[in-house]
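Student: Hi! I have a new model open and would like to talk it through. Can you help me find my way around?

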Amino acid sequence: MVSYIESLNHHETTLAGLFQEQLVGISHLGRDSFTTVLLEKRVLSRAFVPLYRTVACQVENKRLRDVVEEIIADEYRPDDHQKLLDEDLRMMGLYVPDAQYTAKSITLSTVLKASLNFYKRGPQSDLQNGFFLRVYGELLPGIEYDVLWPRLVCDFGLTPDTSQFYWHHKVHDEKRVELGVGGETHTDKFSQALAGLVHNRFDFHAAKQAIDTAYLLRSNFWKQFF
Ligand SMILES: [Fe+2]
């Protein structure tokens, strides 16, 4: 019989595959549209720490809280990642100061608001919040950076040595091991803590729902471009 963890792992992998297929269009975007993608994603990135902090101060499970706090701490190593992202964009000639960036789409605002409002309370909140962060904040962004990277190289000449933000995230966010197995990337750091919270079918459904919400939000963000 397939365990709850195996089934959740399979579900994640299926959605990750669909997400990757959805992003194939990135290679066909014109230069202006691709620039818009990067600037809109910058806004999403700036909401990352507030989202994680909201969860970190409410998580009851110590193991999960440690994971969330460790990832927040990583956000400032070797320096504030928002600063490093802007340095990459500046090098690419794309840096736009916040005050002058007015092209925020309705989709972006909706996704931002929904992600910051996802926070759950109640008996399964750790499980739901944890799975949401793992998929919305790590697993799917890992795929985004993987798909964006060839264009960043081709259009802007980034290399693993010159990029301080994009390359780092392409390498450190992705899922490399199955759910329940220990690992070092940000997606994988959640793996054992979350698997330890799934005990019955109610937990299973709560986790699945959080994964689905995370997937739908990220997927909706990308739909506007293709
Ligand atoms: Fe990450």
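Tutor: Happy to; we can go from the overall fold to a helix pair, the core and then a loop residue. Keep in mind that this is a predicted model.

Student: Okay, how many helices and strands does the protein have?

Tutor: The secondary structure comes to eleven helices and zero strands.

Student: And what about the overall dimensions, say the box along the principal axes?

Tutor: The C-alpha atoms fill a box of roughly 50 × 35 × 30 Å along those axes. The radius of gyration is 17 Å, which agrees with the value near 17 Å for a compact globule, because the chain has 226 residues.

Student: What share of the residues counts as buried?

Tutor: Of the 226 residues, 34% count as buried. As for contacts between residues at least 6 apart in sequence, 75% join residues at least 24 apart.

Student: Let's switch to helix packing. At what angle do α3 and α4 pack?

Tutor: About 155°, with the axes of α3 and α4 10 Å apart. Angles over 145 degrees count as roughly antiparallel, so α3 is roughly antiparallel to α4. The crossing of α3 and α4 is left-handed.

Student: Which residues meet there?

Tutor: From α3 you have Val-49, Tyr-52, Arg-53, Val-55 and Ala-56, and from α4 Arg-65, Val-68, Glu-69, Ile-71 and Ile-72.

Student: What else does Val-68 touch, leaving out residues up to four places away in sequence?

Tutor: Val-68 touches Val-59 and Leu-133, along with Tyr-52, Val-55 and Ala-56. Val-68 is also among the residues that touch the most other members of the largest nonpolar core, together with Phe-131, Val-135, Ala-207, Ile-211 and Ala-214. That core has 36 residues.

Student: Which elements give two or more residues to this core?

Tutor: They are α1 (4-22), α3 (48-56), α4 (62-74), α6 (106-117), α7 (125-156), α10 (191-195) and α11 (201-223). There is also a second, separate core of eight residues, including Leu-85, Tyr-145, Leu-148 and Phe-156.

Student: New topic: where is Gln-164?

Tutor: Gln-164 sits in the loop between α7 and α8 (166-172).

Student: Why is Gln-164 partly exposed?

Tutor: Because Gln-164 has 18 other C-beta atoms within 10 Å, and a residue needs 20 or more to count as buried. Not counting residues up to four places away in sequence, Gln-164 touches Leu-84, Glu-87 and Asp-88.

Student: And what separates Gln-164 from Ala-207?

Tutor: Their C-alpha atoms are separated by 33 Å, and the two residues are 43 residues apart along the chain.

Key
Residues numbered from 1 in each chain as written. Predicted model: local features only at pLDDT ≥ 70, side-chain atom pairs only at ≥ 80, totals over all residues. Core = buried A, V, L, I, M, F, W, Y, C linked by C-beta atoms within 7 Å. Buried ≥ 20, exposed ≤ 12 C-beta atoms within 10 Å, placed from the backbone. Helix = DSSP H or I, 4+ residues; strand = E, 2+ residues; numbered from the N terminus. Contact = placed C-beta atoms within 7 Å. Rg over C-alpha atoms; globule rule 2.2 N^0.38 Å. Axes fitted to C-alpha atoms, helices over the stretch in contact; angles between N-to-C directions. Parallel < 35°, antiparallel > 145°, perpendicular 65-115°, else oblique. Left-handed = near helix turned anticlockwise from the far one by under 90°.
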